[in-house]
Amino acid sequence: MNAPDFHPSNSTPARSELLQLMESLGSKAKVASAHMARAPAAIKNRALLSLAALLRQSAPALQAANQRDLERAGAAGLAGPLFDRLKLSPKDLETVALGCEQLAAMADVIGEIVGMKEQPSGIRVGQMRVPIGVFGMIYESRPNVTIEAASLAIKSGNACILRGGSEAIESNKALAALVQQALTEAGLPADAVQLVPTTDREAVGHLIAMPQYVDVIIPRGGKGLIERISAGAKVPVIKHLDGNCHVYVDDPCDMEMAVKIADNAKTQKYSPCNATEGLLVARGVAAEFLPKIGAIYAAKGVEMRCDEAAVQILRAQSAINSVAKIVPASEQDWYEEYLAPVISIRVVAGLDEAIAHINQYSSHHTDAILTRDHMHAQRFLREVDSASVIVNASTRFADGFEYGLGAEIGISTDKFHARGPVGIEGLTSLKYVVLGQGEVRG
């Protein structure tokens, strides 16, 4: 599900001018990255605290810019989940401001040396954490990502080039201007964070094909966007394609807690990638649990796509059956990321079948078990092959801010380099450092 392109007047340069624009952004970012890599922690933290203050001071202007985007997107028929993600509420602004402050309070990992060990030859070998250099960020809707990406770039000593969705161009320009103001006030190069100023889709093609300037690309958006970026990129890509997350209600479980969590994981917000899309229920507790959660989903208008066992239990409850949409699930439903008030429900024999279902159908993003059995919890943690695995809490916690990372650049379902919410360390690399005292190899 991808955002349509909107093209405000005078926003689309000619092809040769577009290439020159992207080359200019790339070369400036490369120069700025060297300055950022050697910036002291105190200076980077000053920029982050300044940005937090500016976000709060500028909230009315930012919301006015966001309203212009919302009006244009509404007129163009932007799809529900993307329209929802486009909104920049006072709560969203406060969250990203707090994220900047949280990052400023965190220890600076750049230059940290780990694993230093003396070898038989006398040399000492370890690894130093260093910035990646320049990352390109491509994202749809979600103007808050502009601040999340920028703040993480500042803290991790990187430079970044941001290409937000054309539907959020006014919001992103306003936010990026504040970032550059904060950088300048702290004595850091404004070019450390640059926003692609055009809505021309061809800009993305140039950005993902500039290995001389860009070290990694991070797409954040719908599955179609990420597949296109991954197929066309000439630089490494950190990605996740979708968020088909699951909650498994185990036997035994704390029934009251399980109902509360299964409700929150699905209905607290429908559009995020960490919202639960599949509910698995152990046969031993299904007869008690399903009517309870079914009544809540029915009251909130959630459509339930169920296997035969779940259909029978739910339809037997007249109070639920009279108001709820309970339909048989298709095979495809087990794979779906709905981003809507729809959930798939399946009754499973127990833990083994739940783990097998998740590993087959999930997108390896975030999956949770609700249980009172410690050994079941430990097996679930070890055997479920997902970037985040949770015991007795909502999948909605799978988020960089909630994990204490300050912010996140995205959630990676890759297994190499970065996995799960990508924070500061995900934007760094390790290089070997060797300390000697005149040793030579014999």
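1. Rings of Phe, Tyr and Trp count as a pair if their centres lie within 6.5 Å, and planes over 60 degrees apart make the pair edge-to-face. By that rule this predicted model holds one aromatic pair. Its members are Y335 and Y361, with 4.8 Å from centre to centre and 70° between the planes. The pair is therefore edge-to-face.

2. What does the pair tie together? Y335 lies in the loop between β10 (326-328) and β11 (342-348), and Y361 lies in helix α14 (residues 351-361), so the pair links parts that are 26 residues apart in sequence. Y361 is buried, at 8% relative accessible area. Y335 is partly exposed, at 34%.

3. There is also a charge over a ring. The ring belongs to W334, and the charged end of R346 sits over it. The distance from the ring centre is 5.6 Å.

4. Next, a helix pair. The axes of α5 (residues 90-105) and α6 (residues 144-156) come within 10 Å. They cross at roughly 10°. Angles under 35 degrees count as roughly parallel, so α5 and α6 are roughly parallel to each other.

5. Which residues of α5 meet α6? They are V96, C100, L103 and A104. On the α6 side, the partners are N144, I147, E148, S151, L152 and K155. The residues of this contact divide into six nonpolar, two polar and two charged.

6. L225 is found in helix α9 (residues 223-232). Is L225 buried or exposed? The relative accessible area of L225 is 9%, so this residue is buried. The C-alpha atoms of L225 and E140 are separated by 8.6 Å, while the two residues are 85 apart along the chain.

7. Now the backbone. Most residues other than glycine have a negative phi, and most peptide bonds are trans. The peptide bond from D251 to P252 is cis, with omega near 15°. P252 has its place in the loop between β7 (245-249) and α10 (255-267).

8. H364 is found in the loop between α14 and β12 (366-370). With 24% relative accessible area, H364 is partly exposed.

9. N392 lies in the loop between β13 (388-391) and β14 (411-412). N392 is partly exposed, with a relative accessible area of 28%.

Methods: Residues numbered from 1 in each chain as written. Predicted model: local features only at pLDDT ≥ 70, side-chain atom pairs only at ≥ 80, totals over all residues. Heavy atoms only, no water. Phe/Tyr/Trp six-rings, centres within 6.5 Å; stacked < 30°, edge-to-face > 60°. Helix = DSSP H or I, 4+ residues; strand = E, 2+ residues; numbered from the N terminus. Buried < 20%, exposed > 50% of the residue type's maximum accessible area, 1.4 Å probe, protein only. Lys NZ or Arg CZ within 6 Å of the ring centre and 35° of its normal. Axes fitted to C-alpha atoms, helices over the stretch in contact; angles between N-to-C directions. Parallel < 35°, antiparallel > 145°, perpendicular 65-115°, else oblique. Contact = heavy atoms within 4.5 Å. Nonpolar A, V, L, I, M, F, W, Y, C, P; charged D, E, K, R; others polar.
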